[in-house]
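I am opening a new page for this chain.

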Amino acid sequence: MGDTAVIPLTLLPGRTDTTRIGRDRLELLTALITAPAFDPLFRDALIFIPPQHPVYAWQCAVDGCKRIRRVSHNLCNTHNLEWEQAERTGQSKRAFMDAATALPAARGVDYGRCLICPDRPAISPTTRLCQQHQTRWQYGEAADMDRDRFEHWARTQHPLPGYGLCRARCPFLACTSLGLCLQHLNRYKIDNRPGAARSQNSRGPLKDGQPLPVTYGDEEAFHTWCATTEPVTQPGLVNLHCLPALLRAEIQWGLHAHAQSAQHSEWTTNGIRNLVRYCWRGSITSLMDLHDADFKDLTRQQMDSEVRKIIREIINGLCCVYYSPSDTKDAGFLETDHFGRRFKNAQSHFDITTIPQRWLRDLLWDHLAEWLRSPQCPRTRGPFDQMRRAAVELGVFLQADAPDAGHDPTVLRREHAERFVADQRHRARHSLPSLGMVLVDGRSPTVTDLSCQFVFNQARKLLYSAITAGHAERLGIDTGFLTAIPFGGTGLKQRSRNPFSDDVARALTDETNLRRLEELDLNDRGLRDIWETIVATGRRCSEVVGLRLDCIGRYRGLAMLWHDQTKVGNYNEGIRIPEPIYHRLDARRTKTLQLFEKRYGRIPTTAERPDLALFPSRIRNPNGRQPISYGHFNQRFKTWIAGLDLGGAYVAHQARHTLATNLLRAGATLTHIRRYLGQLSERMAEHYVKITHSDLEDVLNTVWVAGPGAPNPGELLSGDTTPMDRETARALALDLSRRSTPADGGFCTYQPVVDGGACPWKLDCENCDNFVLSGADLLYWRRKAEQWRSIAENAPDDATADYLHTVFEPTAKAIKGLEQALAALGVLDEALTLDLRRPQDYFHRTWSTAFRARDLAALPAPDDTTGQP
């Protein structure tokens, strides 16, 4: 079918107003294709893609090589085999590519037009002559001529008239009297010459270049073959000449839109040609026909996976072209791209057709659209899925229980909503399946207390929005129905996860078991590295999976890890990490750079490095910025756990609970745990930590003494004579962080200041009886004491020196009392070597001992000056 043929256009039924629904789809696409922003490369029916196109590159990356690259590789098949051998010898890919020999094109290449005849195609890459002049040069009067005189001979020849365009619905020039181009002529011979069409021998008389006579055994069969044979293919060519105009425009727009996407999947030129071939064979006039048929033909039996992928991605993009936002509301779906938003690892299309009632579906659409317009739009698609589930559950119940299947909102009353609530609770109590939800595998999910909480809260929010937005009055919905659904609650009705027990923790860090995890990492994407980093740092899984290439470094000799805590809005946070984890991540960085060089044949530029993922994905990752998904890691982790036979179901997030509990056991307060783990509240920190019997014993045995602003600095508060009961110890272990806040050289326990208020004493901590010293502050105060002694020794007279000693005496007593208490607990040496406050130092026993400054100063001075008891 040619360009001028009449093509039945696909129009959507229904609306005839100014929306896009009633408009000609070809008209919409033509307006986009002719726009200045559209890439001119994709405007023609014959799309010649440049060999090294940034998105659709098809030629071997070896300089000068004309061969086609393999799928998912940047080398041709010959060079790829050579590279695999060179890689085993340790040669880098860049060095191999520099030394590789370029190869000529193997087949299917257009050699352009004849040097002599502008209306005839060339058949030779060396001489670039047409069939007749090539025959003259090789076998005619020029056969005995010196090859060096080719140019002189070519200038003496006369151009011959052409044969026109190929008869096989092809835009290329015919090369013989049969009217076929070179590729279709070869295909005609392969197909056993249907119709037995033949012309006189081309080596015979040329008759002044006129077309030679053609004889047919069955002329009709020949013309039938010409009309049904497939379009020609060439390296880098996408031939849309044979397709209907609307289908051609859709593919052109899809190629342009895909090239504009920052994180796109891989479309090979071979896959695009297979798409064209599939559409041509199936007589498809529009890709949206497949969408309207619910993709029933997009199966593995019908086409390969790449063609399915390309079709789905083009159709998903076309929905934003063919439908305006109001059109999507009528059609029963929502496009987030209409609002300029796209959730991570999600498509723009959000279907809501499973809601039976049109009025309820419109309420949901309006509510979700308002979310997307709002600056407080949810960060993930989870709230959207929860709101849709609530609407589906309500709609399906009303369809079965309410009059007129719930389609008339004016007849709905409070009792209908109350019966819906009772039905949900009944299903949750007896673990019955959902009435309206269907999983991917066709099963209905089980209703639980947690799902009831989400459904009630979201349905209540949706129905209340109908009142505030005025939809209830417009639709005539009874207020009793809209307000009958109760609040589902805020607390999750489930137990928090326990830390790993000792035997499980040992199994999950055992070298043999870790090697089994490596074996599950088939493409060496760093699953073991991710897990060991989670264990050592307590980071969230998504934070470790999303690490950047240059996330580690040394600063004044300390190994640091920089990461993004996207859940709480903290970006580029730095923590210290153990040396083994630093070396493991550094080795992974080297592997990632090698993968980059192996894929692109070069090292990343300085501008590219900051955005590269440390654990890059293999799919939809054209520039190395996309990390592997959390789902991929979690799936492999579950498989690993199941193979270890640990007698329970464990998740990676429990490593975070384990680290939090160990931090508390080592003496860290909830404030420090919250800051280190990147949590918003100390209540959440309480959710993570667990107090064990041994932890309580440690607290019971802690000696508390008191220092500088107290009446009796250094006085012993609790010890063998004043034991601490278990209830007080538990409160101290869980609530100490709420009774103190860091201050200069210690902690403040004055509750108004701890709660965020201003200090009434203008931060005069040294003279305040609410000031507390910990073992980590000893070195700081020792340096202060040296400074004070130096000031007193340099005083202008003895009276001034005595006065300074008097002023500093309470603080000196507190320091001596602190040294004495730490020595009694056997942690004085650790306190003297502790210099920086960092989360890793929470595991020192020094942090687990804190004393009031007034109590420390009240301790009796020891006999010697070393501070030893």
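The entries below follow the order in which I looked things up.

**Entry 1: the model**

I note at the start that this is a predicted model.

**Entry 2: the sheet**

I looked up a sheet of three strands and found it open, with the order β7-β8-β9 and antiparallel pairing. Strands β7 (552–555) and β9 are at the edges; each has a single partner strand, so one side of each lacks a neighbour in the sheet. On average, and ignoring direction, neighbouring strands of this sheet are turned by 35° against each other.

I then took the two pairings in turn. Between β7 and β8 I find four bridges in the antiparallel sense. Here Tyr555 is placed opposite Leu558 of β8. Strand β8 (residues 558–565) is joined to β9 (residues 570–576) by five bridges, and these two strands also run antiparallel.

Next I checked the turn from β8 to β9. The hairpin has four residues between the strands, and Gly569 has a positive phi near 80°.

What lies across β7 and β8? I find helix α23 (residues 579–600) there, running at about 130° to β7.

**Entry 3: salt bridges**

How many salt bridges are there? The count comes to 29.

The side chains of Asp366 and Lys329 form a salt bridge, with 2.9 Å from N to O. This pair links distant parts of the chain, 37 residues apart: Asp366 belongs to helix α13 (residues 358–373) and Lys329 to helix α12 (residues 325–331). Are the two residues buried or exposed? Asp366 is buried, because its relative accessible area is 18% and the cut-off for buried is under 20%. Lys329 has 21% relative accessibility, so I list Lys329 as partly exposed.

Asp385 and Arg381 make another salt bridge, and their closest N and O atoms are 3.4 Å apart. Asp385 is partly exposed at a relative accessible area of 28%. Arg381 is partly exposed too, at 25%.

For Arg427 and Asp423 I find a salt bridge between the side chains at 2.9 Å, N to O. Both residues lie in helix α15 (residues 414–429), and because they are four residues apart, about one helical turn separates them. Arg427 and Asp423 are both buried.

**Entry 4: the largest cavity**

The largest cavity has a volume of about 90 Å³. Which residues line the largest cavity? I list Glu230, Pro231, Val232, Thr233, Val238, Asn239, Arg273, Val276 and Arg277.

I then asked which elements supply the lining. Strand β4 (237–239) and helix α9 (269–281) each give at least two residues to the lining of the largest cavity. The largest share of that lining is from α9, with three residues.

Definitions and conventions: Residues numbered from 1 in each chain as written. Predicted model: local features only at pLDDT ≥ 70, side-chain atom pairs only at ≥ 80, totals over all residues. Heavy atoms only, no water. Pairing = 2+ DSSP bridges. Axes fitted to C-alpha atoms, helices over the stretch in contact; angles between N-to-C directions. Contact = heavy atoms within 4.5 Å. Salt bridge = Lys/Arg side-chain N within 4 Å of Asp/Glu carboxyl O. Buried < 20%, exposed > 50% of the residue type's maximum accessible area, 1.4 Å probe, protein only. 1 Å grid on protein atoms, 1.4 Å probe; cavity = no way out; pocket = protein on both sides within 12 Å on 5 of 7 lines; lining within 4 Å. Points joined across faces, edges and corners; volume = space filled by probe spheres on them.
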